[in-house]
Amino acid sequence: MEKNIPVLYQNKSDCCGCGACVNVCPRNAIKMVADECGFLYPKIDDDLCVGCRKCTSVCAFQNISEENTPLSTYAAVSKNKEQAVKSASGGIFASLAEDFINKGGIVFGASFDEKRGVSHQLVDKVENLYLLQGSKYVQSKIGNTYKEAKKLLTAGEKVLFSGTPCQVAGLRSYLGKVYDGLLTVDIICHGVPSEKIFQSYLHFIEDKYKGKLTYFTFRDKNIGWGINGKAIFETPSGKKKNVTLWQSGSSYLFYFIKGWIYRENCYQCKYAGAHRPGDITLGDYWGIEKQHPEYLNGADGWDESNGISVVIANTSKGLEVLNEIDGLEMRSSTFEKAAYGNKQLMHPSEKGKRQEILEQYRIGGWDALENRYQKKIGIRKYASQVKSLIPLKMKRWLKGRI
Ligand SMILES: Cc1cc2nc3c(=O)[nH]c(=O)nc-3n(C[C@H](O)[C@H](O)[C@H](O)COP(=O)(O)OP(=O)(O)OC[C@H]3O[C@@H](n4cnc5c(N)ncnc54)[C@H](O)[C@@H]3O)c2cc1C
Ligand code: SF4
Ligand code: SF4
Ligand code: SF4
């Protein structure tokens with residue numbers, strides 16, 4: 001009998017790389033394969049496939065799905081300052097995850113892996129939560145974590161699954177039913193570059209700083225709340241070099257913020273709006289100074305340098321969990337106010353010069369993008385680095401006078 005092998009996606013813009021099809025295939029016939037720029041797409045092994053079509057029906061990115069709409073929106077910070085410093089925004093994820101583990105649950109999220117990429121991993125001990133903390137601006141590989149989560153839920157365990165909205169939607173579709181023990185957390189997400197692109201950049205900085213990378217973070221809170229990273233290199237003589245990767249001085253952060261190196265489908269992201277797949281949504285409360293100056297002033301005003309999050313409860317389960325946690329300080333806001341400084345809550349990123357940039361990368365690797373960046377940015381980067389060092393409160397004071 002002739003097999004009816006399905007087509008998993010027509011165009012690259014139809015596939016977010018969530019891997020739900022890989023997890024659902026009963027024959028293990030699907031593998032994620034990298035394209036020229038390193039973006040992973042599922043590929044069927046025709047010899048193994050039996051034509052059951054479970055893979056096409058599980059695809060949340062291509063099938064219309066019912067998502068949640070915000071019930072309550074907050075500005076929030078973690079009461080645990082140490083946790084907030086290790087996190088990208090207000091440390092909300094760590095507070096949620098710690099509480100979840102302390103109540104006997106298991107947490108999934110994105111961690112740097114031993115191959116200098118990012119993968120989803122399971123954490124069941126509070127002391128290992130640091131692995132999942134902090135934003136990694138690279139696509140995380142889901143691997144078999146949907147299967148692992150299902151196994152745990154079926155055995156009656158409590159699971160917190162966090163990730164980009166498309167990863168959370170992929171999990172929900174893969175599970176196919178509601179589990180009482182599942183809590184989902186999606187992050188506000190404007191797009192993901194590939195692991196290959198990220199690794200080209202890491203090779204570039206190792207050459208530049210003449211050392212082996214021993215530590216890397218995209219968001220170093222020690223220099224305040226912003227998108228400035230940090231890297232530590234070990235030179236051949238054993239010396240340690242600490243380098244701040246300023247948003248304005250790092251070519252990777254520049255192209256990332258511009259939105260020119262994301263996966264093709266991110267420019268048609270279904271989740272860039274109020275319809276959220278997670279019980280809870282977390283993001284940076286960019287623009288809080290305009291939307292809620294009252295939360296920053298006075299004796300109980302928040303210190304912005306530790307980061308302030310936007311937290312959205314999309315379901316009654318999410319709302320209940322948030323209300324039960326002691327470690328959070330939450331103040332009321334609205335979705336409209338949060339979206340004001342976070343365009344990703346209104347529409348997907350714009351493609352801009354993506355095609356041109358990725359073509360240049362395909363031909364000349366990261367060196368080509370670095371050269372382009374240096375020509376474009378030149379001296380301007382130093383001015384904005386100085387600006388980054390001025391505390392936010394002083395910047396505002398100066399703005400009012402100059
Ligand atoms: C690629 C990407 C784009 C983002 N874009 C925006 C944006 O446009 N606007 C905005 O407000 N916020 C954005 N964020 C979210 C923001 O940076 C913080 O992650 C979020 O506010 C949570 O902060 P936190 O302090 O509570 O926790 P943190 O400890 O900072 O974050 C940990 C959480 O982030 C998840 N995570 C980290 N990296 C990844 C990854 N590569 N893939 C999937 N999940 C990941 C972990 O699983 C965990 O749930 C983005 C994050 C990522 C990873
Ligand atoms: S299930 Fe996910 S990885 Fe598979 S085709 Fe759909 S979007 Fe792509
Ligand atoms: S049709 Fe069935 S066997 Fe074939 S790849 Fe899809 S899920 Fe696997
Ligand atoms: S922008 Fe949308 S499609 Fe792209 S990674 Fe984020 S959630 Fe997924």
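I began with the classes I would need: Ala, Val, Leu, Ile, Met, Phe, Trp, Tyr, Cys and Pro count as nonpolar, Asp, Glu, Lys and Arg as charged, and the others, Gly among them, as polar. I also noted that this is a predicted model.

**Entry 1: ligand 4**

I looked up ligand 4 and sorted its shell into eight nonpolar, four polar and one charged residue. Which residues come nearest? Out of 13 around ligand 4, they are Thr164, Cys166, Cys189, Cys266 and Cys269.

Next I turned to ligand 2, which has 15 residues around it. I wrote down the closest: Cys15, Cys18, Cys21, Cys59 and Phe61. How many residues of this shell are charged? I found no charged ones around ligand 2, with 11 nonpolar and four polar.

Around ligand 3 I found 13 residues, and Cys25, Cys49, Cys52, Lys54 and Cys55 are the closest. The shell of ligand 3 has nine nonpolar residues, one polar and three charged.

**Entry 2: the sheet of eight strands**

I then traced an open sheet of eight strands, and I read its order as β5-β4-β6-β7-β11-β12-β3-β13. Its pairing is mixed. Which strands are at the edges? They are β5 (118–123) and β13 (328–333), and each of them pairs on one side only. From one strand to the next, I get an average twist of 25°.

Strand β6 (residues 159–163) and strand β7 (residues 182–187) run parallel and are joined by five bridges. One thing I could point to on screen is Gly163, whose bridge partner in β7 is Asp186.

Helix α5 (residues 145–154) lies across β4 (106–112), β5, β6 and β7, and its direction is at about 160° to β6. Helix α10 (residues 316–324) lies across β3 (72–78), β7, β11 (280–284), β12 (309–313) and β13, and runs at about 130° to β12.

**Entry 3: the sheet of three strands**

I found another open sheet, made of three antiparallel strands in the order β8-β9-β10. Its edge strands, each pairing on one side only, are β8 (212–217) and β10 (240–245). The twist here averages 20° from one strand to the next.

How many bridges join β8 to β9? I noted five, with β9 covering residues 229–234 and running antiparallel to β8. Thr217 is a handy place to look, as it stands opposite Lys230 in β9.

**Entry 4: helices against α12**

Last, I followed helix α12 (residues 354–377), starting with helix α7 (residues 195–209): their axes come within 9 Å and cross at roughly 45°. Why do I call the pair oblique? Angles of 65 to 115 degrees count as roughly perpendicular and those under 35 as roughly parallel, so α7 is oblique to α12. The crossing of these two helices is right-handed.

From α7, I listed Ile197, Ser200, Tyr201 and Phe204, which meet Tyr361, Gly365, Trp366, Asp367 and Glu370 of α12. This α7 and α12 contact has five nonpolar, two polar and two charged residues.

Helix α8 (residues 251–258) also packs on α12, at an angle of about 105° and with the axes 10 Å apart. These two helices are therefore roughly perpendicular. On the α8 side I noted Ser251, Phe254 and Tyr255, and on the α12 side Ile357, Leu369, Glu370, Tyr373 and Ile377. The α8 and α12 contact comes to six nonpolar residues, one polar and one charged.

Notes
Residues numbered from 1 in each chain as written. Chains lettered and ligands numbered in written order. Predicted model: local features only at pLDDT ≥ 70, side-chain atom pairs only at ≥ 80, totals over all residues. Near = placed C-beta within 6 Å. Pairing = 2+ DSSP bridges. Helix = DSSP H or I, 4+ residues; strand = E, 2+ residues; numbered from the N terminus. Axes fitted to C-alpha atoms, helices over the stretch in contact; angles between N-to-C directions. Parallel < 35°, antiparallel > 145°, perpendicular 65-115°, else oblique. Left-handed = near helix turned anticlockwise from the far one by under 90°. Contact = placed C-beta atoms within 7 Å.
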